[in-house]
Amino acid sequence: MNPCRTRIITVDQLLPEAEALHARGARFQMAWAERGMQGGTDVHYLVAPPLSAGAASTAAMFECLTLQNVRELPTLTHVIPLLGWYEREIMDQHGLICTGHPQPWPLLFHPGHLPRTPLLADAAENLPDDDAPISSSNAPDVFDEHDPPGLGLPEITGGQKQVQSLIWGPVRADVVETGAFGFAYVGELILHHQPRLFFKHRQIEARMAGRSADQGLFLAERVSGVGSVAHALAFAQAVETASGCAVPEPAHWLRVLLQELERLYNHLHYFGLLAKTTTLKVASAEGFWLEEQLKQILGRLTGSRFGRGLIVPGGLRRTFSAQALETTQRALLALRPRVAAYLARMNRTASHLDRLISTGVLDRKTALDQGATGPVERASGLDRDLRRDHPYAAWPHLDFTVTTAAAGDAQARAAVRGGEIATSFEVLERVLNHLLACEPEPVYQPLAAHWQGSGLGWVESPRGSLYYAITGADGRLTRVKIKSPSFSNWRVFPFTVHGSNMMDYAINEASFGLTIAGCDR
């Protein structure tokens, strides 16, 4: 896999390799399985190299550890905790066994379901019983038990009789995504919080198998509606790497333009939602209004308020006229001071700040161990950003400062996003000036008709690192793995809830900027 350095190892080598990489400061990004060349199931681990603070990686960018034709392998969760969900997903979808996993029950499938997913059907030889591929009937119902195996409820003096249980969801008020959340609490103190997601898992990865790159792109843009550009870009870059397609240079600049417009409207939606949870109705409405202004700018430029339909493997479907770029530039210049004034007013509102400061603290070690990403990890002092660390599209030509904070609370997460809004406006101004100074050139290079190979694509989306690992043959996708940022941050989120105040829960959740669609891909 290019630009990954692929290394084939044995099951016996897996644990010592993981320990050695962890000791050197490398960070695992995701794990996935697929049908291998030998007919069995291969398991891959994507690893990012250690980075010097604030420096881009100039060496081999990523490393992929591959185990071939495996049915059982040791869990790595005691060394790399962030792999916990990935290993459970592999067990669910491929019937493999991760020996010693602390939470061996299904992640994707709920009690009572007897699923047979397309990926499971593809790996039927791994299943112990063809009539019952995987049953979650024996999995502990974490909402019915105070102390499910491995989750560990804190000891309470005088017994647990005063502990109350609350199950919230999966149907929730307002326009929110489907998820259920179990709380164990005493008074206002939350002792334990357990999210249950994947009610609407869409098997998008399996649906992509056997389809053309264009058909796969259509699905990628719909994994998470508010991340359409990021998903399209990561998918396209993975296919381009796999097929050896060289994208025309102007397309790289236009892709950055679309990506930063998407980042801006996402961050403004975030501030509108955050103000709503602190009961600032006017500030909430203003945030959503500013978000709508950005979406209309994106809509006038691309024809879609979500920026869909422009990015394709090989470049862009079409370029933009100078008039369209100038109109976008004028609109952003007019909007920029209004956004800055809005954020300044929020930062002067004591009642708002009082609810954010010290709420939902995520310490640096937990953020690193559990795989936090994007503004969430940067607010906990982790200086990582794929745009700078592993530059793609036109990012090698664009210097910018990555905003970080150390407190790890809701206020820090808001401060990081506020800084990123200012950075995006600056980047957009430079990108538009560059595009307006260039002569129109082609922005599309068609793929080879029968391309084949493997490729990795990545994007720093508004919510964090997004990866697509793709394998294709004869011009068709054979396996697609999607690592969305919310899959990582939903795993991290409960660590900030335990021991917090029930009244702060909504603020804490809003401060993470999570989407469930990203998990239910």
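What follows is a short chat about a predicted model.

Student: Where does UniProt put the "binding site" feature?
Tutor: The unreviewed UniProt entry places it at E205 and I482. The two span 278 residues in sequence, yet no two of their C-alpha atoms are more than 7.1 Å apart, so they gather at one spot.

Student: Start with E205. Which element is it in?
Tutor: E205 sits in helix α4, residues 204-208.

Student: Buried or exposed?
Tutor: E205 is buried, because its relative accessible area is 4% and the cut-off for buried is under 20%.

Student: What does E205 touch?
Tutor: Leaving out residues up to four places away in sequence, E205 touches Q93, R479, V480, K481, I482 and R521.

Student: And I482, where is that?
Tutor: I482 is in strand β14, residues 476-483. I482 counts as buried, at 1% relative accessibility.

Student: Which residues does I482 touch?
Tutor: Beyond residues up to four places away in sequence, its contacts include I204, E205, M208 and R521. Among the others are V223, H231 and Y468.

Student: New topic: helix α9. How many residues does it have?
Tutor: Helix α9 has 26 residues, 322-347. From first C-alpha to last, α9 reaches 37 Å, close to the 38 Å expected at 1.5 Å a residue.

Student: Where does α9 bend?
Tutor: At L335, by about 25°. A proline, P337, follows within four residues.

Student: Which residues of α9 are buried?
Tutor: L325, T328, Q329, L332, L335, V339, Y342, L343 and M346. L335, the site of the bend, is on that list.

Student: What covers them?
Tutor: The cover for the buried residues of α9 includes α7 (249-277), α8 (281-302), α10 (350-356) and α14 (410-437).

Student: What about phi at N69?
Tutor: Phi of N69 is near 55°, positive in a residue other than glycine. N69 is in the loop between β4 (62-67) and β5 (72-74). N69 is partly exposed, with a relative accessible area of 44%.

Student: And phi at A393?
Tutor: A393 has a positive phi of about 45°, and A393 is not a glycine. A393 is in the loop between α13 (386-389) and α14. A393 is buried, at 13% relative accessible area. Most residues other than glycine have a negative phi.

Student: Now rings. How many aromatic pairs?
Tutor: The count comes to 18 aromatic pairs. In one of them, F62 and W458, the ring centres are 4.9 Å apart and the planes are at 65°, so the pair is edge-to-face. F62 is in strand β4 and W458 in strand β12 (residues 453-461), 396 residues apart. F62 and W458 are buried.

Student: How do W85 and F487 pair?
Tutor: W85 and F487 are edge-to-face, with 5.3 Å centre to centre and 75° between the planes. The pair links W85 in helix α2 (residues 84-94) to F487 in helix α15 (residues 485-492), 402 residues apart. W85 is buried at 9% relative accessible area. F487 counts as buried at 2%.

Student: Which residues do ring pairs link into a cluster?
Tutor: W168, F181, F183, W490, F493, Y505 and F512.

Student: Last one. Which ring face does R417 lie over?
Tutor: R417 lies over the face of Y270, at 3.9 Å from the ring centre. R308 lies over the face of F306, at 5.4 Å from the ring centre.

Note on methods. Residues are numbered from 1 along each chain as its sequence is written. This is a predicted model: local features need pLDDT of at least 70, side-chain atom pairs count only at pLDDT 80 or more; totals for chains, interfaces and linings use all residues. Side-chain values use heavy atoms; hydrogens and water are left out. UniProt positions are given in the numbering used here, feature names are shortened, and annotations may be inferred rather than shown by experiment. Helices (H or I, at least four residues) and strands (E, at least two) are DSSP runs, numbered from the N terminus. Buried means under 20% relative accessible area, exposed over 50%, partly exposed in between (1.4 Å probe, protein chains only). Contact means heavy atoms within 4.5 Å. The expected span of a helix is 1.5 Å times one less than its number of residues. The bend at a residue is the angle between axes fitted to the seven residues ending there and the seven starting there. Rings of Phe, Tyr and Trp (its six-membered ring) pair if their centres lie within 6.5 Å; planes under 30 degrees apart count as stacked, over 60 as edge-to-face and the rest as tilted. A charge sits over a ring if NZ of Lys or CZ of Arg is within 6 Å of the ring centre and within 35 degrees of the ring normal.
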